[in-house]
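These questions and answers are meant for a reader who is meeting the structure for the first time. Please keep the sequence and the 3D view open while reading.

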Amino acid sequence: MEKFLANLDSSGSFAKKKSDNAGHHHIRSRHTSDSFDIGKSDGQEKVDQQNGSSNDEHLPEEATLPDQFFEEVDRFVNDDHGSKTSEIPKCIDVSFYKMVESMIVKYESKETSSAKFGQNEDQDALFLESLKCISKLINKITTDQFSSRSSNLLSSLNNASIVLHRGMSLLDEEFRLLLDQRRIVLDSKTPRTPKHSSFNFSSQSSQDSDRCLLPDSTESNEDEGFPNFSTEAISNMNKIATAMISCGYEAECCMAYTCFRRNAFREVLNKLGFDSITIDDAHRMQWESLEREIASWISIFKHCYRNLFPGESKFSDAIFSEYPSISQRLFSELAAAVITPFLSFSEVIALTKRSAERLFKFLDMCETLNDLLTTIDDSYSKEISQDLTSEIAVVKSQLAEAAASIFCELENSIKSDQGRTPVPSGQVHPLTRYTMNYLKYACEYRDTLEEVFRFHHKNVGFDDAPNQENHDINEHLTEMPNDDGTPKKSPFAIELIAVMDLLDANLEMKSRLYRDPALRYVFLMNNGRYILQKIKGSNEIHNMMGVTWCRKRSTQLRQYHKNYQRETWSRVLKCISHEGLQANGKVVKAVLKERFKNFNALFEEIHRTQSTWVVSDEQLQSELRVSISAVVTPAYRSFVGRFKQYLEGRSMDKYIKYQPEDIETLIDELFDGNPMSMGRRRN
């Protein structure tokens, strides 16, 4: 955690040291050259002596003299001195500096652990204006080309620098106190790590869908007030930041702001439960644990860039309202520092083991990064925006390649499923259920998988091309129509059809494991109907497979149906055929009895066997029973009605064991998976 959040630390700070006597900070002023010592100089000693209580009676009245001082400063600053040696007005060199020093002492003497700035607006405004005037004086003396610098100028420059530096140290401390209010809160609405979810491989229902949904970006913005500073505190920080930057202390002001805001984000990430992992950690973790880490990553990352970043951008704009470019730069750098460990986490995940159950979490992460890109707008500086976009594209490409590889493993798993044991009763094969549920679930990520395979197809065969990893997978490929004018299949649709073709071939191979040809066709019907119903039940997969494919599949199912009827019932119908029963115009009773006997034996065998077979799709089961009854029952009724007169007495009951209504009832018991024999039923 620490090394990933190191980006949120600041190595520098406003250099400062408490003076044993005056209690102010000593910083080398950026307004003076190296020839002027801003340490404890003679000028500083003079100012320190003037701070004593014995001299307080010589201080100007703050209520009446500041305007006079400001006018003198403006007059000196705006005067074109030319080659003439200029002297600092004595009221400035002595009284004005003393007045500002007295204000600093007054601030420092306030015994409070909270910010001292902001308790008296008029006093604060006077103090800030005075510091700005001193800064103007220093700039005038150091930038104008005087023909010579008198000792008066040099002494005044040194004294002004010391006073300004002390004032800036006070403002820096106040700025840090205001920033350190630690008002970030995690109320009950702050997202916590959701319960993990993944594709359910044993699922038998099309209703099973536990996709990890991203937090809705349209939900109520519970962190609208982030980072929850009071209006008064923001106003005071704005005044301090404006004064520090205008007086040449931009670096110190930005350093303090960056340090505290990065620490604030580190605190909120800790509270939200974000934790980084190394590649070694990821390889050692069980998938269930790693899955929870990914779910946490998605939830917290989404919360950061959708809720916290907008608040932080507004906060930065409010503090640096006079300097929008500085605000944009500071926010951009802070956001980039927060985003970096999340991208590092993604890179680690992309390098982990690639197995089928991990696909959907990888796609969730791709979608999160896509969502992140939509939030990188004008609030980011151009340079950082470009850098972030490039870094995100690299991570997306890694996740995309991993996701494409995982999906392609599905093809390998189908090819390698060479089991030699047929599924009992011709039921839907587990491979069919698994593959179709997997594809249906995958199609919920259709847009993301289209991106993934666009990127994957572009890179196939171009592994040595330069900067391939920097391709933007959002770039659309030009899809020209086929020769017949029909639109080309999309990259994901091509992969989808390839999987379906492999599944068809595998099922065809497995159907040959059945010794009974009729059961073979029941198996193909069961699996074919299951596949077709799954496709029709999902608009996404149905649209990709296309109407033509579905029509072809339906035709194939009808052919399986016909083949089943031919293999099973053609022999039964032959027994009750009218042909071959007469000789010389008369019914041969022996042949008739043999026909009834054969019919009974065949029908009972079929019933005993096929009542144990399973057709789980109710519509298919009904269609099979109706079609069988429509062929067998009328033929049997006609046969019995015409030839029963040739059987007399007890022989009629012996050979005509079933009435047509019995045949209908028994047919309705087929494909139930019920092993009950006909003999026990009749008893």
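Q: In which loop does Phe-671 lie?
A: This is a predicted model, in which local features need pLDDT of at least 70, side-chain atom pairs count only at pLDDT 80 or more, and totals for chains, interfaces and linings use all residues. Phi of Phe-671 is near 65°, a positive value in a residue other than glycine. With helices taken as DSSP runs of H or I with at least four residues, numbered from the N terminus, Phe-671 lies in the loop between helix H22 (660-667) and helix H23 (678-682).

Q: What is the phi of Ser-425 near?
A: Ser-425 is found in the loop that runs between helix H12 (382-416) and helix H13 (430-442). Ser-425 is a residue other than glycine with a positive phi, and the value is near 65°.

Q: Are H20 and H22 roughly parallel or roughly antiparallel to each other?
A: Helix H20 (residues 618-643) packs with H22 at an angle of about 160°, and their axes are 9 Å apart; such axes are lines fitted to C-alpha atoms over the stretch in contact, with angles running from 0 to 180 degrees between N-to-C directions. Angles under 35 degrees count as roughly parallel, over 145 as roughly antiparallel, 65 to 115 as roughly perpendicular and the rest as oblique. H20 and H22 are therefore roughly antiparallel.

Q: How many charged residues does the contact of H20 with H22 have?
A: Contact means heavy atoms within 4.5 Å, and the residues of H20 that meet H22 include Arg-625 and Arg-637, while those of H22 include Glu-661 and Glu-664. Asp, Glu, Lys and Arg count as charged, Ala, Val, Leu, Ile, Met, Phe, Trp, Tyr, Cys and Pro as nonpolar, and the others, Gly among them, as polar. The contact divides into six nonpolar, two polar and, as the number asked for, four charged residues.

Q: At roughly what angle do the axes of H7 and H9 cross?
A: H7 and H9 are roughly antiparallel to each other. The axes of helix H7 (residues 250-272) and helix H9 (residues 287-319) come within 12 Å, and they cross at roughly 155°.

Q: At which residue does H18 bend?
A: Helix H18 (residues 547-575) has 29 residues and reaches 42 Å from its first C-alpha to its last, close to the 42 Å expected at 1.5 Å a residue, where the expected span is 1.5 Å times one less than the number of residues. A bend is the angle between axes fitted to the seven residues ending at a residue and the seven starting there. In H18 this bend is about 50°, at Trp-569.

Definitions and conventions: Residues numbered from 1 in each chain as written. Heavy atoms only, no water. Helix = DSSP H or I, 4+ residues; strand = E, 2+ residues; numbered from the N terminus.
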